[in-house]
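Good morning. Please look at the structure on the screen while I go through it.

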Amino acid sequence: MPQESVEDERFHSPPAIAITMNSIPAPRYLAPFHPKEVPHFFTDILVVGGGLAGLRTALAIDPKCSVLVVAKDSVWQSNSAHAQGGIATVLSEHDSFEEHVADTLTAGGALCERQVVERIVREGPERIRELIRWGAHFDTSGDQLALGREGGHGRDRIAHALGDATGKEVMRAVIERAEKAANVQLWQNTFTIDLLTCDGVCRGAVVWNHRHGKTLIWAKETILCTGGTGQLYRETTNPDVATGDGLAMAYRAGAELRDMEFVQFHPTVLYIAGSSRHLITEAMRGEGAYLVDRSGHRFMPEYDQRAELAPRDVVSWAIVSQMERTRHPSVYLELNHLDPAVVRTRFPGIAAICEKFGIDITKDRIPVRPGAHYMMGGVTIDMDCRTTLPGLWAAGEVTASGLHGANRLASNSLLEALVHGVVAGEGASRAAAEVDDDFRAISLCNPRVAPTPENLDLIDIRNSLKSLMWRDVGVRRDAEGLTDAVENIDRWSSYVLADQFYDPGGWELQNMLCIAQLMIRSALERTETRGCHVRTDFPETDDAHWLRHITFRQEPEGRGTLP
């Protein structure tokens, strides 16, 4: 049975069950490297991830510190840039911090940490004003910001931009500012393979790109801002980069991960066979759109009195249930009762996407179904955004911060990225100032292993993994499906994790398998329904046994010190 973990006094949270993963052999480092064979780069602070959390972190770092931001793809390829709905914050005289806090705690299934929620909610207005000073153009109504409402919110408090393209506008402003920062370098299209550790301290990372191959980056402090895990699922709103790399590399390095069973499924993802799965923002329902089934029946009032504005876990459950009841692959969003001019002005991006498939959103129903959207779990951080691994900090979706609990309240994600980006950047700056400037490379290497004789079809394994996760670890789960998933993942991992690969395709798959193991074992362990974790064989919430976190931590082996 799992053993009770000893709580770090910095982490104020419900009790935790610690699970040690020793059953599957996993390498400490994914790729071979030797310090005499690769270039070295030195920086005061390394930021891994180029989304909103990563760039806001970089901008919060003391200008006296050198900063390197490493982005896996273009900085435009992140969940932040694709965000539609907006940023939740208290900007109206009819709203209050207390109400925003209460809505967040309610959505979080009693696993939020109030102190974290309070701070992030109260700092929200200043972060919005800061973005405006930096040139971000939010939508207005008269001389005030236009505020929308989304599921789980009791007030209109969602600040949005370009109608339904808030992330695009916010990222434009932040990217422009980061590019002008004299102390910040940005490496795009650079894959971070692993964190470098020595004597239990993070010392930087080993990265790869087409131009230089592998590079060892040595840093006084390292900050993870790598986003989530949506690409583990067949149906997802996430871009291709969201393969859980940061969570996997942190786990291999010995950092604690928490709440890995809590994956949020967005209720409304455009479902057209053969097309990409485009997010249909929750703001549509906030503006009055109805959810109807194949026969045109509006079904949400039968599942929850809040109807279409219930929290995402409730709406996702209802949609899946209605799809089964009607034996149809989707339900539909209906807006034809709303003012067409308002609809087109408010949702220009979605209108353009739907028009490509012959759908006029002011007249036609939009086919939708749930898709994996956001990871509530992640690397455990404290109030200062420190992880349990010295020298490593984290911000954004890669973290389990205590803000979201078992289910994230809509539009709190960009808010968290902004607030914790500042906290992490300022904290790492102070820590880096205490490290001597003559820090050097450490003699670390990871030897090559004999290649496996079989050429693996990585795409086939990846597709099988995504289908399995959608089928057995999706909106609804049970012991039979989860047990089957464990057996399949363990079998694939036994030969995929033992191999060494030389490009991102292999490393991504290894990361996906690593994180899938943790997600499935957490979901199997939590024998209750809470937030977005729905166990059909344990449909009730069980506070007596499960008002607690599940944590994973692996002691790293094979540190690779040179002989």
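A contact here means heavy atoms within 4.5 Å. Among the contacts in this protein with a separation of 6 or more, 74% come from residues 24 or more positions apart.

Some housekeeping. This is a predicted model, in which local features need pLDDT of at least 70 and side-chain atom pairs count only at pLDDT 80 or more, while totals for chains, interfaces and linings use all residues. Residues are numbered from 1 along each chain as its sequence is written, and side-chain values use heavy atoms, with hydrogens and water left out.

The protein has 15 helices and 22 strands; these are DSSP runs numbered from the N terminus, with helices being H or I of at least four residues and strands being E of at least two. The radius of gyration is 23 Å, close to the 24 Å from the globule rule for 563 residues, so the protein is as compact as a globular protein of that length. That radius is taken over C-alpha atoms, and the rule is 2.2 Å times the number of residues to the power 0.38. Along the principal axes, the C-alpha atoms fill a box of roughly 70 × 55 × 45 Å.

Of the 563 residues, 63% count as buried, meaning under 20% relative accessible area, with exposed over 50% and partly exposed in between (1.4 Å probe, protein chains only).

Now one residue. Where does His420 sit? His420 is in helix 11, residues 413-433. His420 counts as buried because its relative accessibility is 1%. Leaving out residues up to four places away in sequence, His420 touches Val116, Arg119, Ile120, Ile381, Cys385, Ala395 and Ser401.
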